[in-house]
Amino acid sequence: MDDETVERIRDVVLAIPPGETSTYGEVAARAGLPGRSRLVGRILAEDGHDLPWHRVLRANGTCAPHIAVEQAARLRAEGVLMVDGRLPKEHRRRA
């Protein structure tokens with residue numbers, strides 16, 4: 001992947017305000033890469049340590065399993081509450 005693609009995704013993730021969430025697919029679409037949600041996940045895993053990665057959820061409103069505890073805790077600290085491990089539908093944004 002090229003640096004421009006990485007920067008586009010990073011910029012979209014940086015723009016998610018505290019207390020709000022987006023999905024991997026929404027981030028990809030906003031970065032001009034529709035259908036590339038897995039690429040967003042890969043970039044966040046490899047180069048997202050300085051980003052608000054915790055604000056990016058799976059399409060069904062859940063946290064990624066391998067980071068779910070930390071992700072939910074970070075979201076809770078911003079006032080985003082999960083119900084049974086999922087962001088309630090009424091709190092999910094749409095692209």
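Which residues does T23 touch, not counting residues up to four places away in sequence? Select T23 together with V56, L57, R58 and A59, which are the residues that T23 touches under that condition; contact here means heavy atoms within 4.5 Å. The model is a predicted one, in which local features need pLDDT of at least 70 and side-chain atom pairs count only at pLDDT 80 or more, while totals for chains, interfaces and linings use all residues. Residues are numbered from 1 along each chain as its sequence is written, and side-chain values use heavy atoms, with hydrogens and water left out.

T23 belongs to strand β1, residues 22-23. Helices (H or I, at least four residues) and strands (E, at least two) are DSSP runs, numbered from the N terminus. T23 has a relative accessible area of 13% and is therefore buried; buried means under 20% relative accessible area, exposed over 50%, and partly exposed in between (1.4 Å probe, protein chains only).

Next, select Y24. Leaving out residues up to four places away in sequence, Y24 touches S37, V40, G41, L44, V56, L57, R58 and A64.

**Second stop: V40 and helix α3**

Move to V40, which is found in helix α3. V40 is buried, with a relative accessible area of 0%. Beyond residues up to four places away in sequence, V40 touches I9, Y24, V27 and A28.

Now colour α3 by burial. Its buried residues are L39, V40, I43 and L44. These cover an arc of only 135° around the axis, so they lie on the same side of α3; the arc is that of the directions from the helix axis to the C-beta atoms. R38, A45 and E46 are exposed on the other side of α3. The packing partners of the buried residues of α3 are α1, α2 and β2.

Select I9, V13, Y24, V27, V40, L44 and V56. These are the residues with the most contacts inside the largest nonpolar core, which has 18 residues. A nonpolar core is a set of buried Ala, Val, Leu, Ile, Met, Phe, Trp, Tyr and Cys residues joined through side-chain atoms within 4.5 Å. Two or more residues of this core come from each of α1 (3-14), α2 and α3. A second, separate core has 7 residues, including A72, L75, M82 and L87.

Which residues are buried in helix α4? Select residues 68-77 to display α4, and then Q71, A72 and L75, which are buried. They cover an arc of only 95° around the axis and thus sit on the same side of α4. The buried residues of α4 pack against β2 (56-57). The face turned away from the buried side of α4 carries the exposed residues V69, R76 and A77. Just after α4, select G79, which takes a positive phi of about 90°.

Go back to C63, in the loop between β2 and α4. C63 counts as buried, at 8% relative accessibility. Setting aside its neighbours within four places in sequence, C63 is in contact with L57, R58, A68, Q71, A72, M82 and G85.

Then select D84, in the segment after α4. D84 has a positive phi of about 55° although it is not a glycine. With a relative accessible area of 81%, D84 is exposed.

**Last stop: the largest pocket**

Finally, select Y24, G41, A64, H66 and I67. Of the 16 residues that line the largest pocket, these lie nearest its centre. A pocket is an open set of points on a 1 Å grid over the protein atoms alone, where a 1.4 Å probe fits, with protein on both sides within 12 Å along at least five of seven lines; lining residues have an atom within 4 Å of a point.

About 360 Å³ of space lies in this pocket; grid points are joined across faces, edges and corners, and a volume is the space filled by probe spheres set on the points. Helices α2 (24-30) and α3 (37-47) each supply at least two residues of the lining, and α3 gives the most, with 5 residues. By class, the lining has 7 nonpolar, 7 polar and 2 charged residues. Ala, Val, Leu, Ile, Met, Phe, Trp, Tyr, Cys and Pro count as nonpolar, Asp, Glu, Lys and Arg as charged, and the others, Gly among them, as polar.
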